[in-house]
Amino acid sequence: MSSRKNVQLNGSASASQATALKPSDKKKEKRDRESLVLWKRPFTTLEYFAKELMVLLGTYGKKLFNYKKFVVLVISLIIAVTTGLNMAGPHQIYMSSIYKQLLWCSYWAGLGILSSVGLGTGLHTFLLYLGPHIAKVTMAAYECGSLDFPEPPYPDEIICPVDVTKGAVVTILGIMSKVRLEAMCWGAGTALGELPPYFMARAARLSGLEPDDDDDDLAEFEELQKKKREELTLLDKGKLFVEHIVQKVGFMGILACASIPNPLFDLAGITCGHFLVPFWTFFGATLIGKAVIKMHIQKMFVIIAFNETLINSALSWLTVIPMIGGHLEVPFRTFLNGQKTKLHSKGAAAEASAAAAGGGGSVLSSVFELFVFAMILYFVVSIVNSFAQSYHKRLSKKTATGKASKD
């Protein structure tokens, strides 16, 4: 038995040595992988993207068969909900209300996941969706002098209530409570999006895989720890500081890092996975930090920034900008006045009043729509590039393993 074990160990050692690439080969392979982007090699990139997508669908499709009871339960729930929504009866009022709330929460949670999950690069959904939504509700609250317009999920447009309660005061806390549901769902989504780096690092540590063979982020993390302090850049020191806090302080360290806008938080997930921090310690601290503490900070910042007094002051300061200041103030004020007018109108009347306010607002709306489209397009392109590079890495591993088996 002992001799057989030695043979197996020697065989695995020789295989790992055979699969190990020379530094020059590694650099060449990395350069080839990094060249797989749509603007350099579009056809190969699209081909590799499609193949990687099929591999992932096959892999996760097979994994679903291991959870047959769960799949059957989910399908049964979907059928039951669909039947309940389409069947006439007194339950329709409650079913419809619950269904809308679930869709509303799922929408914001999904945007939160897209913001932090990675997939090449995150989509900054706070800047594109949640921030403008909070700003819109804030401006509506101050313009209407009330928070009595419909609770989430809102209709297509927010309309000021006809009967406003006399003596009603719009407060920051009141506006924060008005947008709390969507904000917390978005924050919970960002916490869920931080799980892949954690699970990836944890699986690599438990399996004993070399980080360089599994994921570039893990390899970078390992290399960072080996560097001397004088060789570190400011960004590297920031990464190591996050790693040090998470490792030494534990739950409170993770909570502190998750409670502030932190572009280096991905490293916290990798660190927690690498050092086998318990799942609920990591996820619990991340969820509280992102969905409760950080979200309230971000909400308060947006609400204060879009106070009517501050907006008017900011628009007045636009004239200070040389050459273009005067030209910028007019379309911004037109847009703001158009938004205020729409709050007191409905349907076609709102469109007519907005058109009567001038074309400046429509120009700004078009610019913002183009900006959102460009960000989404960049996100999709980054996903395609990332999947193509993952498939290239998969092919490289197969080639190296094939050579090792022949040797």
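In this predicted model, helices H6 and H15 pack with their axes 9 Å apart and at an angle of about 55°, which makes H6 oblique to H15, since an angle counts as roughly parallel only under 35 degrees and as roughly perpendicular only from 65 to 115. The crossing in which H6 passes H15 is right-handed. The protein that holds this pair has 19 helices and zero strands, and buried residues make up 34% of its 407 residues.

**The H6 and H15 pair**

- On the H6 side, the residues that meet H15 are Phe 126, Leu 130, Gly 131, Ile 134, Ala 135 and Thr 138, and their counterparts in H15 are Met 295, Gln 298, Lys 299, Val 302 and Ile 303.
- Two packed helices are described by the angle between their axes and by the distance between those axes.

**Nonpolar cores**

- The largest nonpolar core has 26 residues, and the members that touch the most others in it are Trp 108, Phe 126, Leu 130, Ile 134, Ile 158 and Trp 186.
- At least two residues of this core come from each of helix H5 (92-116), helix H6 (125-144), helix H7 (172-178), helix H8 (180-193) and helix H15 (279-305), and H6 gives the most, with eight residues.
- With neighbours within four places in sequence left aside, Trp 186 is in contact with Trp 108, Ala 109, Leu 111, Gly 112, Ser 115, Thr 125, Phe 126, Leu 130, Met 295 and Gln 298.
- Another core lies apart from the largest one and has 18 residues, including Leu 195, Tyr 198, Ile 245 and Val 246.
- In soluble globular proteins, nonpolar side chains tend to be buried together.

**The H8 and H9 pair**

- Helix H8 and helix H9 (residues 195-207) pack with their axes 5 Å apart and at an angle of about 20°, and the two are therefore roughly parallel to each other, an angle under 35 degrees being counted that way.
- The residues of H8 that meet H9 are Ala 191, Leu 192 and Gly 193, while those of H9 that meet H8 are Leu 195, Pro 196 and Pro 197.

**Helix H19**

- Asn 385 is found in helix H19 and counts as buried, because its relative accessibility is 6% and the limit for a buried residue is under 20%.
- Apart from neighbours within four places in sequence, the contacts of Asn 385 are Leu 36, Val 37, Leu 38, Trp 39 and Thr 45.
- Leu 377 also lies in H19, which covers residues 360-406, but Leu 377 is partly exposed, with a relative accessible area of 46%.
- Although Leu 377 and Leu 123 are 254 residues apart along the chain, their C-alpha atoms are separated by 9.9 Å.

**A positive phi at Leu 276**

- Leu 276 lies in the loop between helix H14 (265-274) and H15, and its phi is near 55°, a positive value in a residue other than glycine.
- Most residues other than glycine have a negative phi.
- The relative accessible area of Leu 276 is 35%, so that this residue is partly exposed.

**Whole-protein totals**

- Among contacts between residues at least 6 apart in sequence, 71% join residues that are at least 24 apart.
- The accessible surface of the protein comes to about 24800 Å², and 66% of that surface belongs to carbon and sulfur atoms.

Note on methods:
Residues numbered from 1 in each chain as written. Predicted model: local features only at pLDDT ≥ 70, side-chain atom pairs only at ≥ 80, totals over all residues. Heavy atoms only, no water. Helix = DSSP H or I, 4+ residues; strand = E, 2+ residues; numbered from the N terminus. Buried < 20%, exposed > 50% of the residue type's maximum accessible area, 1.4 Å probe, protein only. Contact = heavy atoms within 4.5 Å. Areas by Shrake-Rupley, 256 points an atom, 1.4 Å probe, with all protein chains shown as cover. Core = buried A, V, L, I, M, F, W, Y, C linked by side-chain atoms within 4.5 Å. Axes fitted to C-alpha atoms, helices over the stretch in contact; angles between N-to-C directions. Parallel < 35°, antiparallel > 145°, perpendicular 65-115°, else oblique. Left-handed = near helix turned anticlockwise from the far one by under 90°.
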